[in-house]
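Let's walk through this one together, question by question. Have a look at the fold before reading on.

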Amino acid sequence: MPDNRSLQELRDKYLSPSFSLSYDRPLHIVSGKGQYLYDSKGHEYLDAVNNIQHVGHCHPKVIEAANEQLNRLNTNTRYLDETITDYARALTDKLPAGLNRCFFTNSGSESNDLALRIARHHSNSKETIVLGGAYHGHLTSLIEVSPYKHDGPGGQGPPEYVHVVPMPDPFRGLYRGPNSGPMYAGEVKNIIERLRSEDKRVSAFMVESVMGCGGQLVPPKGFLSESFDVIRKANGLCIADEIQIGFGRMGEHFWGFETQEVTPDIVTLGKSIGNGHPLSVVVTNDEISDEFNNGMEYFNSFGGNPVSCAVGHAVLNVIEEEGLQQNALEVGNELRSLLMELGSDHDIIGDVRGIGLFVGIEMIKDMDTLEPHPQAAKQIVDEMMHRGILLGSDGPDHNVIKIKPPMVFDRSNALLLVETLDKVLSNNKNWKK
Ligand code: PMP
């Protein structure tokens, strides 16, 4: 087994420096099982952050489905194939009626790019509305609609056809408190009115119903439903990016948009859909997909190949068979309530939020000013790793600790996480400035 230093040297030599490694001491992870990862020295880590391995690392049923299909056949969507159509049916059965036509892709970014293209075709316009702090992918078209990237280091801001709504953050945003939803929706209305006055029309409102990179942010009640109404009155399409939050993670609902009581026109799925296998999907209704079928074929060499579809189907089955949505509800609720208790003992915890197994802890320097504390968030994430628990930090100010484990994360894992965090917070009162 190569040691960490020689691996680091090879990485420095052969990989683009644009890639980054997690933690102050990079980990050499060599295997995984369920909610646990193992390094080259045999140390076990409780994985509380890798939401892509949704049903657990190396789930045997997912591996078996992939192996079986790989051994039998791998082609593409240009042949009749029951593995593909059975999966499309099973997947759309989980979505609201009407969302029943699939386009297969290979990454969340590809799905979001295609969703934008569909909406631009529908509206004959490029005017796109997104949320401050949002991330929708790494393609050129998506950096343009991702303030998380274009407003960050190396970014060049949005192009003129991208309009950014202030991040609907009821804790520390432009409008605060649980009743701030309509005020943020008013910002969407203002953009629509400005577009109208300039003789332009909206193409799409692309949104994560609960924001991931934006800092595990649950928007205030009413924001999304009022915004969707405004967009639809202006004949725009509402695109729900479910890439981080879908497939039962919310516990109370299978999809993130359901927690905000809205139904989108287009849904984009990725990450957890294939438990780490590169599978993603765009789903829309008959009318929009028929309209997009303007003579230009949609072909994707890998998107919708039967191996990916077999994997996706196995993931859906495992969620069902193992009751993982219910687990997300129960363990997520308990985890959040324990974290809230912890917050009352530690002033550095400004806010605990989330739904199901999608949780954020916002670290602040001062209870009055709510000044963010990114240094503490980083230090805590590193110290938790030293103690065998993997977390991450995110948000526009990098001060939100994110918890989004494989969905097999159980009660004892939640208790251990909170106990360990308590120790880390109690041992260190001198956070780096
Ligand atoms: N949308 C959201 C909400 C995401 O979190 C991500 C990935 N972090 C993407 C889109 C892009 O997905 P991918 O990395 O598979 O291209």
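The chain is divided into domain 1 (4-55 + 323-426) and domain 2 (60-321), with bounds from an automatic or database domain assignment. This is a predicted model, where local features need pLDDT of at least 70 and side-chain atom pairs count only at pLDDT 80 or more, while totals for chains, interfaces and linings use all residues. Residues are numbered from 1 along each chain as its sequence is written, and side-chain values use heavy atoms, leaving out hydrogens and water.

Q: How many residues does domain 2 bring to the contact with domain 1?
A: Over C-alpha atoms, the two domain centres are separated by 25 Å. Contact here means heavy atoms within 4.5 Å. Domain 1 puts in 36 residues, and domain 2 puts in 38 residues.

Q: Is α2 roughly parallel or roughly antiparallel to α11?
A: Angles run from 0 to 180 degrees between N-to-C directions, with axes fitted to C-alpha atoms, for helices over the stretch in contact. The axes of α2 (residues 60-72) and α11 (residues 306-321) come within 8 Å and cross at roughly 155°. Under 35 degrees counts as roughly parallel, over 145 as roughly antiparallel, 65 to 115 as roughly perpendicular and the rest as oblique. That makes α2, relative to α11, roughly antiparallel.

Q: What is the angle at which α13 and α14 cross?
A: Here the pair is α13 (residues 374-386) and α14 (residues 411-427), with axes that come within 10 Å. Their contact is made by I380, E383 and M384 of α13 together with L417, T420, L421, V424 and L425 of α14. The α13 axis is oblique to that of α14, and the crossing angle is roughly 120°.

Note on methods: Helices (H or I, at least four residues) and strands (E, at least two) are DSSP runs, numbered from the N terminus.
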